[in-house]
Amino acid sequence: MSDANGKAPADLAARAAALDTADELGKLRDRFTLPDGVVYLDGNSLGALATGVAARIAQVITHEWGTELIQSWSAGTWWTAPERIGDKISPLIGAAPGQTVVGDSTSVNLFKALVGAARLARPGRTRMLVDAATFPTDGYIAESAARMTGLTVTPVDPSDAAGAMDEDTAVVLLNHVDYRSGRLHDLAALTAAARAAGAVTVWDLCHSAGALPVGLDEHGVDLAVGCTYKYLNGGPGSPAYLYIAARHQGAFDSPLPGWNGHAKPFAMTPDYTPAAGAVRGRVGTPDILSMLALEAALDAWDGVSVEAVRAKSLALTDFFLECVAAYVPAGRVESVTPAEHERRGSQVSLRTENARAVMDDLISRGVIGDFRAPDVLRFGFTPLYVGFADAERAARTLGHIFG
Ligand SMILES: Cc1ncc(COP(=O)(O)O)c(C=O)c1O
């Protein structure tokens, strides 16, 4: 077997080894616990376990909960965890401190953000533009948020979104990276277009945060949400985050004004006075075990730049595509992920027949990706713990299945 350039597959294995040796981020894999013999390419669904998490959670359970009991809320680190961990995520999404708060699921934060955006929008505007290919929960929540605020949802392909924004557009909801195809949208240009049209932007960062630079402050994004269990490795069901740009914080009117978002939660007053800053995005009691697991997981980012992660991510996905072209017989798979770097996230999605059965076969051979209906194999590349040899083995195994 040889690829279009006549390169023998053995060259690819040797090249992978050389690329791994030269990779400055390669040593970060030691910050994670991964099973031997497995190639894990599903970090865009559930990130791997960071090494410090188990010990930290054991300490929280036995000491902070088991011994300190209620004092851990008042004297310990628990009460302020949502904003403290939000500030730990902030550099990864290009946000200055004080604008990001952690808690609830992405779906719930999206509800807060969309209703909050509609309440910030210019009066008289009637439309909410929503990424037509969005992850379903965003569409469902947008529909409800629009109904509650008197707006109408207009589905739009992100490539056409800028042209669709006008003086009637109240809110624009877009994904930074499409969950199915891995297509990266131009956050800077689309946010600029929305600002020019006077619309409020809400970005879903689930598939970009931790994989590539986002630049929320730099590009003037209004509101954003994202989950932490993918490229941020927070653990199954770890809490999501809500970003409220500093300039909107005074006017941000949450549709879920729970007591944790109150200016004086322990005053127990019947009237609601929102807290200053992103804290007003909080709702109820935070899920401390998940939060503190996430906090410990974020230590894996110590000393790591998102720019370096992005450079490796592109090199990995380029190399994987090259290996797929070399190992998989022509015509068996088709990449639906854009080839251009500026349009590619950190995953490769391959369309094929019997995709579910192919993915089951891959997993049984130790290569874990995932399947998205109806016909897509998804391979997520998390540069903190995935190497070039993993990419080569995954493509080679795929080639064997089709061989
Ligand atoms: C783009 C996107 N948005 C939202 C969600 C849903 O998040 P949650 O289940 O935390 O509400 C996901 C989950 O994978 C997602 O990929």
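Visitor: Which residues does the UniProt annotation "binding site" cover?

Guide: This is a predicted model, in which local features need pLDDT of at least 70, side-chain atom pairs count only at pLDDT 80 or more, and totals for chains, interfaces and linings use all residues. Residues are numbered from 1 along each chain as its sequence is written. UniProt positions follow the numbering used here, feature names are shortened, and annotations may be inferred rather than shown by experiment. According to the unreviewed entry, the residues are Thr-106, Ser-107, Phe-135, Pro-136, Thr-137, Asp-138, Asp-204, His-207, Tyr-229, Trp-259 and Thr-285.

Visitor: Which elements give two or more residues to the shell around the ligand?

Guide: The ligand is surrounded by 13 residues, the closest being Ser-105, Thr-106, Ser-107, Phe-135 and Cys-206; a residue is near a molecule if its C-beta atom, placed from the backbone, lies within 6 Å of it. Helices (H or I, at least four residues) and strands (E, at least two) are DSSP runs, numbered from the N terminus. The elements in question are helix H5 (106–120) and helix H6 (136–149).

Visitor: Is Ser-107 buried, partly exposed or exposed?

Guide: A residue is buried if 20 or more other C-beta atoms, placed from the backbone, lie within 10 Å of its own, exposed if 12 or fewer, and partly exposed in between. Ser-107, found in helix H5, has 16 C-beta neighbours inside 10 Å, and therefore counts as partly exposed.

Visitor: With which residues is Ser-107 in contact, leaving aside its neighbours within four places in sequence?

Guide: Contact requires C-beta atoms, placed from the backbone, within 7 Å. The residues are Thr-137 and Ile-141.

Visitor: Which residues of strand S10 are buried on its two faces?

Guide: In a regular strand, side chains alternate between the two faces of the sheet. Strand S10 spans residues 241–244, and both of its faces are covered. The buried residues are Tyr-241 and Tyr-243 on one side, with Leu-242 and Ile-244 on the other.

Visitor: What is the bridge partner of Val-225 in S10?

Guide: Two strands pair if DSSP finds at least two bridges between them. Strand S9 (residues 223–226) pairs with S10 in the antiparallel sense over four bridges. In S10, the partner of Val-225 is Leu-242.

Visitor: How many residues does the contact take from domain 1 and from domain 2?

Guide: The assignment, automatic or from a database, gives domain 1 (9–33 + 305–402) and domain 2 (54–301). The contact takes 23 residues from domain 1 and 14 residues from domain 2.

Note on methods:
Contact = placed C-beta atoms within 7 Å.
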